[in-house]
Amino acid sequence: MNTMRITLFVALVLPWIGLPAHADPLEKSVEAETPEKPLAPETRPGCLACHEGIESIRQLDSEMLRQILELGRDQGDPAGCVVCHGGDPAATEKEAAHGGEAFYPDPSSPWINEHTCGQCHEDHVRVQWHSLMMTEAGKIQGVAWSFGALSGYEHRWGNYDVENPKDPHARLGTDKYREYMQRLKELEPQVFVDRHEALPAAISDMDTLRKNPELSAFTYLRNQCQRCHHAVKGRQKRGDYRGMGCSTCHIPYGNEGLYEGGDKAIPHDQPGHMLVHTIQGTRDAKVEVHGKQYTGVPVETCTTCHDRGKRIGVSFQGLMETPYVTPYAEDGGPQPALHTKHYLAMEQDIHYQKGMLCQDCHTSLDVHSDGFLAAANLGSVEIECSDCHGTPNRYPWELPLGFGDEFEEQPAGGMPRGTSNELNDYELQGKVYDPQDGYLLTARGNPYANVVRTGNQVIVHTAGGKDLELKPLRLISEREELSTRGRVAMQAIGTHINRLECYTCHTSWAPQCYGCHVKIDYSGGAKNIDWLAGGAQHQRPEYAADRGEAHFNKLLAGKVSESRSFLRWEDPPLGVNGEGRVTPLVPGCQVSTTVIGPDGKPILTNHIFRGPPNKEGAGPEGQLVIDMSPVQPHTMTKNARTCESCHASEKALGYGIGGGKMRPPDKPVVVDLETADKKVLPKNVQTQIAAVEGLVADWSRIVSEEGKQLQTVGHHFSGSRPLNNEERSHIDRSGVCLSCHQEIPDKSLAVNLLHHVAEFSGQTPKTHDQHDNLVHKIMLLAGWVQVVGIVGLPLLLLVGGTWWIRRRKKGSE
C-alpha cells in the first residue's frame with residue numbers, strides 16, 4: 001500500500017481507533033498510527049469496508065476535513081461519509097447502506113444540498129437558485145427573441161419558478177454594492193427582474209404548431225440550450241461530464257468521464273464518474289491525481305458548459321470550432337470530438353497563459369449569485385479590467401465606483417473607491433489572504449478576496465498557487481514604459497479610455513459563426529430528451545438525489561439540428577453594449593428556422609422572424625431578429641489590434657466583411673448550364689442555394705453606409721446598439737492614403753519637385769517604417785509652419801510696423 005493511501009486510511013479511521021478527531025494526522029508518523037495488520041474488510045469502519053482506497057474529500061490537514069470527521073463521529077460514522085452522503089454506515093449490504101430517504105449519491109445536487117453542503121455553506125446554497133447558471137434567463141430570452149421576440153425585451157422566463165427575497169438586505173455584498181445594484185435595477189428593470197416564471201412546456205399539439213411555428217422555440221430550448229444549468233447533469237458526452245449543483249464546479253471530472261482514483265468499488269471503465277473523490281475550490285483545497293497536485297477549479301471544468309453560445313470558455317483556452325476533422329489523429333481517424341465539436345488551436349488569452357483560472361478574475365458573486373436575479377451576463381458580472389489595471393492616469397483605487405460599468409454613455413464620476421481591509425462573510429470560507437495595503441474593490445463595490453494593493457503595485461493571488469505582481473497602467477506610464485501605440489491609444493486619445501471596453505482593442509480574435517440554421521423536425525415522434533422536464537423530476541422526493549436525467553425518459557417530439565453559413569475569427573465588428581461602451585460583436589442567435597411537421601412536410605423553411613414594430617431601427621414591419629451580440633471574447637492579448645483594423649475596416653464599422661460583398665441571401669441560386677445572359681438551359685435542375693426570405697444583406701452586415709440598421713445588436717439592455725452615424729464618421733479613416741497620394745507625383749508643382757528630388761536621392765519611402773517617418777516629418781513641418789504662420793507672421797508684422805512707424809517719425813524730425 002503506497003504512502004498516500006496509508007495516510008488517507010489513517011486519517012479516516014483516526015476517530016475509530018481512539019485518536020481525537022481534531023488531531024492533525026500529519027504531526028505523527030504514519031507508521032506509528034497504522035495498525036500492524038490492516039483491518040479486515042468486515043471490521044473496517046462503515047463505508048470504508050467497501051470503499052477502501054477512496055480519496056479523502058479534502059486534504060488531511062484541512063479544517064474542513066476536521067469538521068467533517070467530527071460531525072461524522074457524532075452521527076455514528078467516524079469516517080464522516082454520512083455527513084455528505086447520508087445512508088447507513090452500520091449496514092453491511094450495499095442496498096441497506098445506500099438505502100433510506102436520506103442517501104445522496106451526489107450530495108451537492110441542488111435539489112437536496114440544503115441538507116449536505118448547506119450545513120456549512122448556507123449562503124451559497126441559499127443563493128444558488130438565483131444564479132444565472134441556474135436560471136439561464138439570458139439564454140432563454142435570446143432564443144425567444146430569435147423566434148419573434150416572444151417575450152419582447154422582458155426576461156420573463158427562467159428554468160424554474162424563482163422570486164427575489166423580500167428583504168433587500170438578503171442580497172450578499174457590501175452596503176455600497178447593494179446601493180449600486182438598486183441603481184442598476186432602476187436603469188434596467190427588464191433584466192434585474194423580481195421573478196422568473198418556469199419556461200413553458202414544449203409544444204405537443206401539432207395543429208397549434210402549424211398555426212404558431214414560433215412556439216417551436218420551446219422545443220429547441222428544452223432539448224438543446226437548457227442542458228447546461230446546475231440542476232441537471234446534462235449531456236453525457238466527451239468533455240461534458242460534470243456533477244450537479246455545487247459539484248458542477250467543485251468536483252473534478254475528466255473529459256472522458258472516467259474515475260481514476262483508488263476506490264475499486266467505483267467502476268473505472270464506465271463514463272459518467274468523477275475523476276477523483278476530492279473537492280476542488282480555492283488555493284487551500286489541494287487535489288492529487290496520479291501523484292500530481294493542483295489547486296483551484298481548472299478551466300476545463302468551466303468549459304463543460306461554456307463551449308457554445310459565446311464560447312468564452314474554449315476561446316479562453318485558445319480553441320475555436322471548425323467543421324473540419326483534421327489534422328487526423330494518430331490512428332488515422334478524425335480529430336476526436338470534444339463537446340461534440342472539433343477545434344482549431346488559436347492564441348490563448350494572456351491571463352490563461354499566465355496561469356490564471358476563471359475564478360481568479362470572476363468573483364464569488366459572479367458565479368454563485370448575490371441572491372437576487374440578474375438575467376444577462378453583464379448584469380451578473382461585477383468586474384471590469386480597470387479594477388486591477390486602472391488607467392494610464394489613475395490607479396485602480398483612484399477610480400470611482402462604476403468606472404467601466406456605467407450603463408450609460410458617460411464615464412463614471414465620483415470619489416475614488418479606495419480599498420478595503422475586510423472581506424464579506426461569504427468570502428471567508430475559502431483561502432484568506434493578507435490584505436497588505438487593502439483588498440482592491442470591484443466596479444460595484446465589493447472587495448476582491450484575492451487581489452491586494454502593495455504600494456503602487458497589485459498582487460493577484462491565483463487559486464492555482466501563483467502570486468502575480470501586476471504593474472497598474474499609471475505606474476507603467478509614470479515609468480515611461482508604455483509603448484508608443486499604447487500611449488497614443490490610451491492617453492493621446494482619451495476617448496478610447498472613456499468610451500471603449502479595454503477588450504475592444506485587446507481582443508486577439510473572436511469566434512464568429514454567421515447564420516445559425518436551426519431545423520426542428522417533428523416527424524420522428526417523441527425521442528428527444530427534455531432536460532427541464534428531467535430536472536423537474538428531481539423535485540419529487542423519490543428522485544431528489546438521482547444522478548442524471550436520461551433514465552427519467554422525459555422525451556419530447558422535435559429533433560433539433562443546427563448548421564451555419566460561414567465562420568470567421570479575425571477582427572470582430574464593433575457596436576455599443578449595455579454598459580454604454582464600444583465593444584466587439586459576434587453573431588449571437590442569428591437564427592434561420594426550418595420546422596418540419598409530423599407528416600414530414602415543411603411548415604417553415606429558412607424563416608427569419610421579426611421583432612416588435614418600430615424598434616431596432618425598423619418600421620411597423622419590425623426588424624429581423626438575427627442578432628449581433630456584444631461580447632467579452634476572453635481572448636485578451638498584451639498587443640492590441642492595430643489602428644487600421646478599426647479605423648480602416650468596413651467590417652469594424654458594421655458594413656460587413658469586405659463591405660458585405662456576398663450576394664443577397666434572399667434570392668435562390670441555381671447552378672447549371674446557362675446562356676451568356678443567364679438563362680438556365682436544362683429543365684431538370686435543382687436550387688443549389690435556397691433563399692432566406694427577407695435577408696437582403698449578408699449575415700455580417702449590421703448597418704448600411706447610410707445608417708439603416710439591418711439586424712439587432714443585443715436585446716437584453718436598453719443601451720446596446722450599432723455604431724451610430726456620428727460614431728462611424730469619427731472612426732472611419734478608410735482611403736486616408738489618398739490625402740497625400742492624390743498629389744503624387746505631378747498634381748502639385750511643389751510636391752512634384754520634392755518627389756523628383758526624393759527619387760534622385762534615393763529617399764522615396766519604400767518600407768513601413770520609412771513611410772511612417774516621412775508622414776511624421778510632414779506632420780511636424782506642417783505644424784511648425786502653421787504655428788509660425790499664426791504666431792510668427794503677426795509678430796513679424798507688429799515688429800515691422802513698429803519699426804516703420806518709428807523710422808517715419810525720425811524722418812519727419
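## Exercises on a predicted model

The accessible surface of the protein, computed by the Shrake-Rupley method with a 1.4 Å probe and, for residues, with only the protein chains shown as cover, comes to about 40,400 Å², of which 55% belongs to carbon and sulfur atoms. This is a predicted model, in which local features need pLDDT of at least 70 and side-chain atom pairs count only at pLDDT 80 or more, while totals for chains, interfaces and linings use all residues. Residues are numbered from 1 along each chain as its sequence is written, and side-chain values use heavy atoms, with hydrogens and water left out.

**Exercise 1.** Describe the overall build of the protein.

*Solution.* Begin with the secondary structure, which comes to 30 helices and 22 strands, where helices (H or I, at least four residues) and strands (E, at least two) are DSSP runs numbered from the N terminus. Next take the extent: along the principal axes, the C-alpha atoms fill a box of roughly 125 × 85 × 60 Å. Then turn to burial, for which buried means under 20% relative accessible area, exposed over 50%, and partly exposed in between (1.4 Å probe, protein chains only); of the 813 residues, 47% are buried. Finally, among contacts (heavy atoms within 4.5 Å) with a separation of 6 or more, 64% are between residues 24 or more positions apart.

**Exercise 2.** Determine whether Ser146 and Lys651 are buried or exposed, and list their contacts beyond four places in sequence.

*Solution.* Ser146 lies in helix α8, residues 137-146, and counts as buried because its relative accessibility is 1%. Apart from neighbours within four places in sequence, Ser146 is in contact with Cys589, Val591, Phe609 and Val625. Lys651, in helix α26 (residues 650-653), also counts as buried, because its relative accessibility is 9%. For Asp571, the separation from Lys651 is 80 residues in sequence and 8.1 Å in space, C-alpha to C-alpha.

**Exercise 3.** Locate Ile790 and identify the surface patch to which it belongs.

*Solution.* Ile790 is found in helix α30, which covers residues 768-812, and counts as exposed because its relative accessibility is 60%. On the surface, Ile790 forms a nonpolar patch together with Met779, Leu780, Trp784, Val787, Val788 and Val791, with about 730 Å² of accessible area together.

Conventions. Patches are made of residues with over 30% relative accessible area and no salt bridge: like charges are joined within 9 Å, nonpolar side chains (Val, Leu, Ile, Met, Phe, Trp, Tyr) within 5 Å. A salt bridge is a side-chain nitrogen of Lys or Arg within 4 Å of a carboxyl oxygen of Asp or Glu.
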